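Please consider the model below, beginning with a single residue and then turning to the contact between two chains.

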Amino acid sequence: MNWKRSPKTLRDQSRTALQDSQLQHNLQHTLSRTLHSRQLAVAEVQNWEELRHYARTVKLHTLSHLARYLEQLEAAVQQRGGQVIWAESARQATDFILDLAHRRDFRSVVKGKSMLGEEIGLNAALERWLEVVETDLGEYIVQLAGQQPSHLVAPALHLSRGQIGELFERKLDVSVGEDVERITAAARQVLRRKFLSAHLGITGVNFGVAETGTLVVVENEGNIRLSLSAPRVHVAIMGIEKVIPRLADLPVFLKLLIRSATGQRMTSYVNLVQGGRGPGERDGPSEFFLVLVDNGRSRILADAHLRETLACIRCGACQNICPVFQSIGGHAYGSTYQGPIGSILTPQLVGLQGAPEHPFASSLCGACRDICPVGIRIPDLLLELRHRIQREKGARAARLPVERWAFQIWSWLMSSRQRYELFSRWSRRLARWTAGDRLGRLSRVIPPLSRWNRERRLPELAPKSFRELHRASGEGGS
Amino acid sequence: MSRTQILQRLRSLAGTWEEPEIALPEAPTGTDRVAQLAARWEAAGGIFLDAERHGLENVLAETLERTGAREIFWEHPDIFSRFQIPHRLRDPLAFENRLVFSLHPQREVRFPLVLHAKRWTRAHASAVPLSACLATHGVAETGTLLHEVRSGQGRLLSILPEAHLFFLSRGDLVDNAQQLFSTWTPCGSLATLVTGPSRTADIEKTLVVGVHGPRQCLVILTE
């Protein structure tokens, strides 16, 4: 597993992110624009909810018969001359590609953006022997900066045009200033040469159609089209959960994915790959390999409570809408997958102890579930994971007497109306005190309440409860 | 080895086989296909030219004007006959597939136009100002064209040049992608749904056209 846990905790990194005013500006600017485009694109589709329901149903069906669909996909790919490789672990997948490059004496690789590639640490594994160039503009920027992507769809979301211009001037020795057009033109020039000279092209896969063996790769820039056209060999890497049954299902998934991810009606290019160069064709790779990667997915699938995590189509909408992600960005999570989907996927991929804070990095507001194009119940899964983490912490947490007493007192108060009303009257008074200037300030400094109050303000409570108001209005009894 | 193990694990998890009882949702139909394709193709940054309305010579001329190109490289020679271009051209073979023709002198177009159907190299393709090929289908709902690599064609000529031109027959228009995929079966090694020119918004969500692929993408609609 490539996932390198940062020595800093998610909490620490969040604090740093919150103080980074440049990052805050970049996040606010980009995420609000993406959400706005998405909203317009989704409003145009009258049966959006029906599409979501359909996609969810098909995904869950496919996940419960994955063996059957994967075998069908494999047979269809092989029939067209492609080779299919199964990798249980990240290591097996990267070893296969390295070995292939060695056997063919390849020196250079161009890569299309692939989250699976990030997950299995493909670049790190290949870079020891080969020149590896990311060709998606965002990924290329992140690679030049020596960073990791900070978003599923927009890897360089955390950087401003000024920061990127500076990076290009430093690394590529070009004069681009803060001009996005000039930055892009510089990347085009450098990468064009890489495409034409690369030996191996590696891409991800958005959907693998079992029925026809079609591998669908969605993009806007044309870098994926070039990566799978110019080099001698094309290797597509695909998580085993990415299979869909029929070509007829594809339009539904494309509509949901593209409108959710970028707010477009359709991306510039949707590549439907059937393999390498066919008979009589002028160019294209002479060999095609599909690497099917498990890397923990069949384990996730075995868990009935959590398996719908694998229905994700990686649109990034949950990241865009999440108030936590909007505040801290992707890097604070310290994992390949970030935001709400990352918070449920990461602990399952690396183990609860590898990402103990992830399920707690959420306010459980539910926006992620509402926006998810395949309706993954992210808040429910977060709660389930929290529950398991607490259970794993085990007896120690349960034995904390303060917690036990608190709940005993709470249940004593709640089990009698008089006690409850008395308590609520006194707590309203107390809340008014502490919200006041002097006590309010003190409560932000003096532990234990300070840890909570430092970053939060209690809402002002009404002086009278609904019940009291109702009684006072004299409109009937209780 | 891995294959067996993965499949075994997955099989042990599979429930009893049930087809999902759910109907494919409907997609919008019944619009003016040509108007919608034109509007949505242009909304995606493409250029739409109607040869039926304005004449093939005129839209070809406009293509050259707008791209600044004086040469067009064709992916496949059958386009000549299919779109009845050759009546003004000399015999392709007479000039080793290098075709020269002139239009009527009164038109305000600077010709001759040079059409290449000869084999191009990879390095050559990068220097091609304008390439052309056939779109086998057009999808009105999203303003999308289907480009299929066929025998005698390749992948690079449609992606490397500065500008790319598609020819599309009116009869190959469909309302939506669902209609397309209910009948289409893949034949070549690569098919691509193309919607406008290459683009990116990776920097501050600011749109830039022409990242790795063509900066201009045109479609000529014919009968």
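The following paragraphs describe one leucine of chain A and then the interface of chain B and chain A. The structure is a predicted model.

Helix 2 of chain A spans residues 21-43 and contains Leu23(A). This leucine has a relative accessibility of 13% and therefore counts as buried, the cut-off being under 20%. Leaving aside residues up to four places away in sequence, Leu23(A) touches Ala17(A), His158(A) and Ile328(A). Between the C-alpha atoms of Leu23(A) and Leu40(A), which are 17 residues apart along the chain, the separation is 26 Å.

The interface comes next. The size of an interface is often given as the accessible area lost when the parts come together. For chain B and chain A the buried area is about 7,500 Å², with 56% of it on carbon and sulfur atoms. In this interface, 80 residues of chain B contact 99 residues of chain A.

Polar interactions also cross the boundary: 41 residue pairs of chain B and chain A are in polar contact, both residues being at pLDDT 80 or more. Several elements of chain B give two or more residues to the side that touches chain A, among them helix 1 (2-13), helix 7 (177-183) and strand 10 (190-194). Helix 1 of chain B gives the most, with nine residues. The residues on this side of chain B comprise 35 nonpolar, 25 polar and 20 charged.

Nine salt bridges are found across the interface of chain B and chain A. A salt bridge joins the side chains of Arg11(B) and Glu71(A), at 3.1 Å from N to O.

Technical notes. Residues are numbered from 1 along each chain as its sequence is written. Chains are lettered from A and ligands numbered from 1 in the order in which they are written. This is a predicted model: local features need pLDDT of at least 70, side-chain atom pairs count only at pLDDT 80 or more; totals for chains, interfaces and linings use all residues. Side-chain values use heavy atoms; hydrogens and water are left out. Helices (H or I, at least four residues) and strands (E, at least two) are DSSP runs, numbered from the N terminus. Buried means under 20% relative accessible area, exposed over 50%, partly exposed in between (1.4 Å probe, protein chains only). Contact means heavy atoms within 4.5 Å. Buried area is the accessible area (1.4 Å probe) that two parts lose on being put together, summed over both. A salt bridge is a side-chain nitrogen of Lys or Arg within 4 Å of a carboxyl oxygen of Asp or Glu. A polar contact is a pair of N or O atoms within 3.5 Å; within protein, one must be able to donate a hydrogen and the other to accept it, and residues adjacent in sequence count only if both atoms are side-chain atoms. Ala, Val, Leu, Ile, Met, Phe, Trp, Tyr, Cys and Pro count as nonpolar, Asp, Glu, Lys and Arg as charged, and the others, Gly among them, as polar.
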